[in-house]
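This briefing sets out selected features of the structure shown below, grouped by topic.

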Amino acid sequence: MSQSPARLCAAALLLLSPRKDCPAARTRCSSLSPRQTKREAALRGSCLPSVRGCCAGDAGLTATGPNRTVCSMGSSTSRLYSALAKTLGSSSSAVPQQPNQEQLEPIDPKELLEECQEVLQDRPARLHRDFVTLRNGISSGRHHPFRVMQWNILAQALGEGKDNFIKCPIEALKWEERKYLILEEILTYQPDILCLQEVDHYWDTFQPVLSRLGYQCTFLPKPWSPCLDVECNNGPDGCALFFLQNRFQLISSTKLRLTAKTLKTNQVAIAEILQCNETGRLLCVVVTHLKARTGWERFRSAQGSDLLRNLQDITEGAKIPLVVCGDFNAEPTEDVYKHFASSSLNLNSAYKLLSADGQSEPPYTTWKIRPSGESCHTLDYIWYSQHALNVISALSLLTEEQIGPNRLPSLNYPSDHLSLVCDFSFSEDPDRLL
């Protein structure tokens, strides 16, 4: 009997159980309800070679070496990642090419969203957010706006193994359901362009699923990902960029390892020039994740300056409009923020436009509690070329009441960072304000 694409997708996400010698595996069954256990058993009966096969290499993948054992944090195709790592570590040939997307059976996003909601029916209701139409949002009405989503999704290995969210229930962090919360958030807002940080389940979840939803996918792991220090990790985390191929086509892709002065750092960025299928206009989209922690402000500033220098060249001095998404790990008071705000690339921060004066960032984009105390900061941004792009609307942030006293992540929100989502249109006169 044939199965629906959505059902096959769910089977792909759940069909491979974790290694038996992994502590996460030993506790897994006890964390599932009887209905979930029965469901997983049924889903594992379907094999999806085509989904597993589409986790082919992508330029920029860091191999973990032939002797490293990589097992999953929850249910995943970590054995596939290990095989990839061994191949890359022992071969001088180029990274394997991704399969022809036309050979992969597409998934209906509506059916997949329903699948996610079915899996999550025992969790608390998700938190409602509205789009706010901006006063100065200008749309000619001649062309469809495009939607951009920025999100640090929280690396699974870090969430379970390092971050120590002391108020977060342990069951909220289990990958078996958390992955569905992440996918549900993406499917709810249906971005045309999706920029993610802390992605450590790219090969077994996001690339195979999102490619079948019509996205072209690019991934760049950190050279020395902290995820690899966690027992039963799923490989390195990194930045990932996705765009819908029915809205854009790829013109060029640049993968950057950021420097601080002359020092190569552990932080990366992806910059891709896309062409809008409807308007023919070019757009440079960037995703990055700068160095974390207090005391590294000058380091982040140097990384930001390096990224701006690269973008100056890639956009030919802002001739190509920019959207830069990232977890900058920097409050608006830091130098790296000021460098972006004053750059010759003429960038503005989209979420400032939600404030009463249009000049203030939100009070927070991340809110969590660790042993060191409560952490509430604005660290995530969507920068855009204000001379060439208009912000039509932006997704409101969760209120303190919605987030609750235990903060993030939680049983109804999968990350310690909030997603940012904006609708943009191209300006009719892009040179007017340059």
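The side chains of His128 and Asp130 make a polar contact of 2.6 Å, a term for a pair of N or O atoms within 3.5 Å in which, within protein, one must be able to donate a hydrogen and the other to accept it, residues adjacent in sequence counting only if both atoms are side-chain atoms. The model is predicted, so that local features need pLDDT of at least 70 and side-chain atom pairs count only at pLDDT 80 or more, while totals for chains, interfaces and linings use all residues. Residues are numbered from 1 along each chain as its sequence is written, and side-chain values use heavy atoms, with hydrogens and water left out.

- His128 lies in the loop between helix H6 (109–119) and strand S1 (131–133); helices (H or I, at least four residues) and strands (E, at least two) are DSSP runs, numbered from the N terminus.
- With a relative accessible area of 55%, His128 is exposed; exposed means over 50% relative accessible area, buried under 20%, and partly exposed in between, with a 1.4 Å probe and protein chains only.
- Apart from neighbours within four places in sequence, His128 is in contact with Leu398 and Gln402, where contact means heavy atoms within 4.5 Å.
- The C-alpha atoms of His128 and Ser396 are 9.4 Å apart, although 268 residues separate the two in sequence.

**Chain as a whole**
- The chain has 12 helices and 15 strands, and 59% of its 434 residues are buried.
- Among contacts in the chain with a separation of 6 or more, 79% are between residues 24 or more positions apart.

**Largest pocket**
- The largest pocket has a volume of about 970 Å³, the volume being the space filled by probe spheres set on grid points joined across faces, edges and corners.
- A pocket is an open set of points on a 1 Å grid over the protein atoms alone, where a 1.4 Å probe fits, with protein on both sides within 12 Å along at least five of seven lines; lining residues have an atom within 4 Å of a point.
- Of the 38 lining residues, Lys291, Ala292, Arg293, Asn329 and Arg370 are the closest to the centre of the largest pocket.
- Two or more lining residues come from each of strand S7 (263–276), helix H10 (297–314), strand S11 (366–370) and S12, and S7 gives the most, with 5 residues.

**Strand S12 and Ser375**
- Ser375 lies in strand S12 (residues 373–377) and is buried, at a relative accessible area of 18%.
- The side chain of Ser375 makes a polar contact of 3.4 Å with that of His377.
- Beyond neighbours within four places in sequence, Ser375 is in contact with Thr366, Trp367 and Lys368.

**Helix H9**
- Helix H9 (residues 202–212) is largely enclosed by the rest of the structure, because 11 of its 11 residues are buried.
- The buried residues of H9 include Trp203, Phe206 and Arg212.
- Gly214, which follows H9, has a positive phi near 100 degrees.

**Backbone geometry in loops**
- Arg293, in the loop between strand S8 (282–289) and H10, is not a glycine but has a positive phi of about 90 degrees; Arg293 is exposed, at 62% relative accessibility.
- Asn346, in the loop between helix H11 (335–341) and strand S10 (347–349), has a positive phi near 60 degrees; Asn346 is buried, with a relative accessible area of 17%.
- Leu408 and Pro409 are joined by a cis peptide bond, with omega about -10 degrees; Pro409 is found in the loop between helix H12 (400–403) and strand S15 (420–426).
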